[in-house]
Amino acid sequence: CRSVKIHYKLQLVTNHFVISLKAAPTPTDQHKIAFAIQEVLKMLDLDSRQERLTCSSKENNSSRDMDTKNEMSLWLKEQLKKAGVLNVIEPFWSSLYKQQEASKPTKPPFFRSSKSY
């Protein structure tokens, strides 16, 4: 009972983001990818929990709904483990990356005041 959007997000994280993270040439690129992983994991876990609640009411299977919000759901852990990327992805579950605005260009420190000739 998994939706297409959950499957897509899972494929995005397990296939594309992990490869991109490993291939990132600079720390800045790694941070950008890490932020994306962190955010997609949050969305993926939330979507899977909501869908599980919907499906469990139909299937009457609530044994796995005992996960806490601070922990990754068992379903998501199992999927990441099955894909062989749990050890790479799991640290981003509790990471606190933030997207920051690009720095504003500043004026050069020279020629602040000049004499008119």
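Biologist: Start with one side chain. Which residues does methionine 72 touch, not counting residues up to four places away in sequence?

Modeller: Methionine 72 touches Asp45, Arg49, Lys77, Leu80, Glu90 and Trp93, once residues up to four places away in sequence are set aside. Bear in mind that this is a predicted model.

Biologist: Where is methionine 72 placed?

Modeller: Methionine 72 sits in the loop between α2 and α3.

Biologist: Is methionine 72 buried or exposed?

Modeller: Look at the relative accessible area; buried means under 20%. For methionine 72 the value is 5%, so this residue counts as buried.

Biologist: Now the overall fold. How many helices and strands does the protein chain have?

Modeller: The protein chain has four helices and zero strands. Read along the sequence, the pattern is α-α-α-α.

Biologist: What share of contacts joins residues at least 24 apart?

Modeller: Take the contacts between residues at least 6 apart in sequence. In the protein chain, 63% of them join residues at least 24 apart.

Biologist: What share of the residues counts as buried?

Modeller: The protein chain has 117 residues, and 32% of them count as buried.

Biologist: How should I read a nonpolar core?

Modeller: In soluble globular proteins, nonpolar side chains tend to be buried together. Then look for the case at hand. Here the largest nonpolar core has 22 residues. Val13, Ile37, Leu41, Leu76, Leu80 and Ile89 have the most contacts inside it.

Biologist: Which helices each supply at least two residues of this core?

Modeller: Four do: α1 (4-23), α2 (27-59), α3 (74-82) and α4 (86-89).

Biologist: Which residues does glutamine 38 touch, not counting residues up to four places away in sequence?

Modeller: Phe92, Ser95, Leu96 and Tyr97 are touched by glutamine 38, with residues up to four places away not counted.

Biologist: On to charge. How many salt bridges does a search of the whole structure find?

Modeller: The search finds four. One of them pairs the side chains of lysine 9 and aspartate 47, at 2.3 Å from N to O. Lysine 9 lies in helix α1 and aspartate 47 in helix α2, so this pair ties together parts that are 38 residues apart in sequence.

Biologist: Are lysine 9 and aspartate 47 buried or exposed?

Modeller: Lysine 9 has 15% relative accessibility, so it counts as buried. Aspartate 47 counts as buried too, at 10% relative accessibility. Lysine 9 also touches residues including Val40, Met43 and Leu44.

Biologist: What about salt bridges within a helix?

Modeller: Check the spacing along the sequence. The side chains of lysine 42 and glutamate 39 meet in a salt bridge, at 3.3 Å from N to O. Both lie in helix α2, three residues apart, about one turn of the helix. Lysine 42 is partly exposed at 40% relative accessibility. Glutamate 39 is partly exposed as well, with a relative accessible area of 26%.

Biologist: What do the side chains of arginine 49 and aspartate 45 form?

Modeller: A salt bridge, at 2.6 Å from N to O. The two are four residues apart in helix α2, so about one helical turn separates them. Both arginine 49 and aspartate 45 are buried.

Methods. Residues are numbered from 1 along each chain as its sequence is written. This is a predicted model: local features need pLDDT of at least 70, side-chain atom pairs count only at pLDDT 80 or more; totals for chains, interfaces and linings use all residues. Side-chain values use heavy atoms; hydrogens and water are left out. A nonpolar core is a set of buried Ala, Val, Leu, Ile, Met, Phe, Trp, Tyr and Cys residues joined through side-chain atoms within 4.5 Å. Buried means under 20% relative accessible area, exposed over 50%, partly exposed in between (1.4 Å probe, protein chains only). Contact means heavy atoms within 4.5 Å.
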